[in-house]
Amino acid sequence: MSMYRILFIAALILIIISAIKRPKKMKLRSFNKLNRKNILILNLDKIIGRNKHLSKTKEKYISKLQVINYKSYECNNKIILQYIAVTIAISIMTLIALSRIITMWYAVITISFVVFYIIVFLGISQIESKINKIHIQFPVALQCFLDEYIIHKNIRNAINSSYSKMPDAIGSVFELLARELSGGKNYEACIKKFANELSYIWGHSFAEILLMSYEGSGDITDDLLTLNSMVSEEITADEEEKSSRYGNKMTFILINAATLIGIVINLTKNDLSKHLYFYTNTGNALFAAWMLILVAGFTIISISERGR
């Protein structure tokens, strides 16, 4: 065999080995990146777990996400932690960017904190909005269940027959309850899980009536009729309050939107305003004060909506 053939075969073998091993290196790099992300998420989870209030809040929104997307606890826990991690990253980038523009450190920190707060607030508002849509559909779902219960006089049969007749969002919640009850799981655990994930006062009342029936109270038609009447009255009263709250919320948002548009126009059209806002104590203080007013306003709106 000539030397050229030997060199050609050796080169071919080296190329094949290189082609085989290269994907492994790429996989190893991908694994390392994935591993670093998981470590970051785990550390963030540990930090949140050290604070009872933060941990309780996280658990509450994991339960709400489970009602919305029907994913596992672990998956929704990861979604929330990733959202928080991205929010922290955006806030830090905002801090770095503003530190090169605005001279006063307290204004930079305040604005970065407000950016973090608003992104978290938007995420919470998105979840609450979807949960509220489910709550709004509860009276219809209760009426569907009541109609079927009057016919069957059996909770499982009534749920199995009624969830397909309910609006989609709330119907999926009842369908999950029907599957768990049909799966032979502990009825008390299933019903309490249903109420906790629904996180609605009338949902808890409904769950208590179901548990009474399972524990031997007999026919619960009268209890369901009473609950149905109370829910209808509460919904009517809440609609009146909601219109008032919505008007106040929109007024607050429009005023601040107009303020933001005015500031942007002023900054783009007037060079002196840039200097006043970014390089003077008074301008920095105005920015910081406005941001704090935004935080206070959104917080008050959020508390008033949850306290209904």
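Let's start with helix H7, where Ile170, Gly171, Val173, Phe174, Leu177, Ala178, Glu180 and Leu181 are buried. Buried means under 20% relative accessible area, exposed means over 50%, and partly exposed is in between, with a 1.4 Å probe and protein chains only. When I say helix, I mean a DSSP run of H or I with at least four residues; a strand is a run of E with at least two, and the numbering goes from the N terminus. Before I go on: this is a predicted model, so local features need pLDDT of at least 70 and side-chain atom pairs count only at pLDDT 80 or more, while totals for chains, interfaces and linings use all residues. Residues are numbered from 1 along each chain as its sequence is written, and side-chain values use heavy atoms, with hydrogens and water left out.

Back to H7. What covers its buried residues? The cover includes helix H2 (52-69), helix H4 (105-136), H5, helix H6 (155-162), helix H8 (187-198) and helix H9 (201-217). The expected span is 1.5 Å times one less than the number of residues, so the 15 residues of H7 (168-182) should span 21 Å, and the end C-alpha atoms are 20 Å apart, which agrees. After H7 comes glycine 184, with a positive phi near 80°.

Now zoom out. The protein has 12 helices and 0 strands. Of its 308 residues, 33% count as buried. A contact here is heavy atoms within 4.5 Å. Take the contacts between residues at least 6 apart in sequence: 61% of them join residues at least 24 apart.

Next, the inside. A nonpolar core is a set of buried Ala, Val, Leu, Ile, Met, Phe, Trp, Tyr and Cys residues joined through side-chain atoms within 4.5 Å. The largest one has 47 residues, and Phe138, Phe145, Ile170, Phe174, Leu198, Phe206 and Leu224 touch the most other members. Helix H5 (residues 138-152) gives this core its largest share, 7 residues. A separate core has 21 residues, including Phe252, Trp290, Leu294 and Phe298.

Let's pick out some single residues. Leaving aside neighbours within four places in sequence, leucine 198 is in contact with Val67, Ile131, Ile134, His135, Phe138, Ile170, Val173 and Gly203. Then there's leucine 227, in helix H10 (residues 221-269). Is leucine 227 buried or exposed? It counts as buried, because its relative accessibility is 4%.

Asparagine 76 sits in helix H3 and counts as buried because its relative accessibility is 0%. Beyond four places in sequence, asparagine 76 touches Ile62, Leu65, Gln66, Asn69 and Lys71. Lysine 58 lies in helix H2, and at 9% relative accessibility lysine 58 is buried too. Its contacts, again beyond four places, are Asp45, Ile48, Asn77, Ile80 and Leu81.

Last stop, the outside. Methionine 93 is in helix H3 (residues 73-99), and it counts as exposed because its relative accessibility is 53%. Together with Val86 and Ile90, Met93 forms a nonpolar surface patch with about 270 Å² of accessible area.

Conventions:
Patches are made of residues with over 30% relative accessible area and no salt bridge: like charges are joined within 9 Å, nonpolar side chains (Val, Leu, Ile, Met, Phe, Trp, Tyr) within 5 Å. Accessible areas come from the Shrake-Rupley method with a 1.4 Å probe; for residues, only the protein chains shown count as cover. A salt bridge is a side-chain nitrogen of Lys or Arg within 4 Å of a carboxyl oxygen of Asp or Glu.
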